Amino acid sequence: MTEPDSPATPAPAKFTTGSTLRHVVVMTATGSIGLIAIFLVDALNLFYISLLGVKELAAAIGFSATLMFFTVSVGIGFTIATSALVSRALGRGNRTDAAAMGGAAVVIMALTLAVLSAIVWPFLNPLLAMLGATGETLDLATRFMQIVLPSSPLVAVGMCTTGIMRGAGDARRSMYVTLASGLAAAVFDPILIFGFGLGLDGAAISTVLARLVMVAVGLHGAMVVHGLVAWPDWTRLRIAARPFFVIGLPAVATQLATPVGNAYVTAEIARFGDDAVAGWAIIGRLVPVAFGAIFALSGAVGPILGQNYGARRYDRLMSVMRDSLLVTLVYVIGAWALLAVFRHGVADLFGATAAARDLIEFFCLFAAGSFLFNGALFVANAAFNNLGYPGYSTIFNWGRATLGTIPFVWAGAHFYGAAGVIGGWALGSVMFGTAALVWCFRIVRDVADRAPPGPPLPAPPPASHSPFSTGKASTMLE
């Protein structure tokens, strides 16, 4: 027999009972508030910069955002691993292992992003030049990145804490992390950009300060409130790294596909001048504000699937997927309709003119509808990552970023100019979103129909040799 965590029988994990639709809606709604707050402030950041009346500044933000997307995507991938492992441990009723994994995840993510930032730092200028930045725009973008890049470990820790809390089913406190960061940036942005006259440097400093707030709020929730961060020694860290990277590395590879695809789009857009890049930068800020719920949905589905998988409630997996797609359909149609109706107002808000205005209005009227298929891809990837098939999410995301981006964007640019680039970028999601969804339902059906499996991850070491919980780690084997 395995040794229980406590004399009392642990309560069922939050997502293993009750309406799956309610869990999906609540997790998505709370996650959306925090995400949209951050992205809205990000959009305000660009709005403030646009008020300075220098188009090179907005273009510099666009190039910088494309490059930052790579480092942030590593954090997103590892956050997926954190959420999956914490939710599975809690689904088994083992808080000790959940806390051990939470602490190890914080350390691994901080160290990884610190090393990655150090590697990228000397090459900021040539990397931005590869994206198409030139002249003053290149100098401005490089300066912005030199200020922001060293804070990458901070955002990694903050993201990790949100993964821990979402794995525990605490969507509200997870929301507080991102919401606090967004509110901090909303305060710092105008003060530093206009009050101190720092311009683009002020926007960069504001980003760093907001990340510090994110870490403080996140660690309080994960450590103090939930007690799900047990700081590891070297042995614990080494043992935790194995299951963490089994999910984390494929998830990172999956997440890196998106910035690779966006980098290609940015390079093609750059051929049409700084106005076009400024328009693309505004679209990049508009997308997460308009479709923040879809991004939040992909994070919401993971813990729900993970807890039910850990508890072997396979009957609920298909219900979670169907409910997630219903939420995607309703939300995207509503958001697309609003963007189409208010497209002129959106362009006016950012003072967009010429090519920038044309691209924004084209996106709102046509390309925004592609997020129905992007949403399907996000949901499918969450299922793959949390049900033990992370390789499939890597395949579909990279397919979307390469075969679903490069030929479509190239053809669009060749025949229809800058608007064709946006159209090609949107069109590729239709094919891969549909294919990922079909394959995902096949996987979920197979998981639901089969007998209880063995551990989906490599088995842990024998309990007598496990530093996780002095013997209690044997419950992982069930």
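1. Secondary structure. The protein has 17 helices and zero strands. The model is a predicted one, and the remarks below should be read with that in mind.

2. Overall packing. Of the 478 residues in the protein, 55% are buried. Among contacts with a separation of 6 or more, 84% are between residues 24 or more positions apart. The accessible surface of the protein is about 18,400 Å², and carbon and sulfur atoms hold 70% of that surface.

3. Main nonpolar core. The largest nonpolar core contains 66 residues. Within this core, the residues with the most contacts are L128, I269, F291, F363, I422 and W425. Helix α10 is the largest contributor, giving ten residues to the core. As background, nonpolar side chains tend to be buried together in soluble globular proteins.

4. Surroundings of F291. Which residues does F291 touch, not counting those up to four places away in sequence? The list is Y331, V332, A335, L339, F363, A368 and F371.

5. Aromatic pairs. How many aromatic pairs does the structure hold? The count is 15. For W280 and W425, the ring centres are 5.2 Å apart and the planes stand at 85°, so this pair is edge-to-face; the angle is over the 60 degrees that this class requires. The pair links distant parts of the chain, with W280 in helix α10 (residues 274-290) and W425 in helix α17 (residues 406-449), 145 residues apart. Both W280 and W425 are buried.

6. A tilted pair. F384 and Y392 have ring centres 5.6 Å apart and planes at 55°, so their arrangement is tilted. The two residues can be set side by side for accessibility: F384, at 1% relative accessibility, counts as buried, whereas Y392, at 28%, counts as partly exposed.

7. Aromatic cluster. One aromatic cluster is formed by W280, F291, F295, F363, F371, F378 and W425. The edge-to-face pair of W280 and W425 therefore has both of its residues in this cluster.

8. Cysteines. The count of disulfides is zero.

9. The structure has five salt bridges. One of the bridges joins R143 and D201, whose closest N and O atoms are 2.7 Å apart. R143 is in helix α5 (residues 135-148) and D201 is in helix α8 (residues 200-225), so the bridge ties together parts that are 58 residues apart in sequence.

10. Salt bridges of R357. R357 pairs with D348, with 2.7 Å between the closest N and O atoms. R357 also forms a salt bridge with E361, where the closest N and O atoms are 3.2 Å apart. E361 and R357 both lie in helix α14 (residues 354-365), four residues apart, or about one turn of the helix. Through shared partners, salt bridges join D348, R357 and E361 into one network.

11. D348 counts as partly exposed, at 47% relative accessibility. R357 is likewise partly exposed, with a relative accessible area of 21%. E361, at 17% relative accessibility, counts as buried. The limit between the two classes is 20%, so R357 at 21% and E361 at 17% fall on opposite sides of that limit.

Definitions and conventions
Residues numbered from 1 in each chain as written. Predicted model: local features only at pLDDT ≥ 70, side-chain atom pairs only at ≥ 80, totals over all residues. Heavy atoms only, no water. Phe/Tyr/Trp six-rings, centres within 6.5 Å; stacked < 30°, edge-to-face > 60°. Helix = DSSP H or I, 4+ residues; strand = E, 2+ residues; numbered from the N terminus. Buried < 20%, exposed > 50% of the residue type's maximum accessible area, 1.4 Å probe, protein only. Contact = heavy atoms within 4.5 Å. Areas by Shrake-Rupley, 256 points an atom, 1.4 Å probe, with all protein chains shown as cover. Disulfide = S-S within 2.5 Å. Salt bridge = Lys/Arg side-chain N within 4 Å of Asp/Glu carboxyl O. Core = buried A, V, L, I, M, F, W, Y, C linked by side-chain atoms within 4.5 Å.
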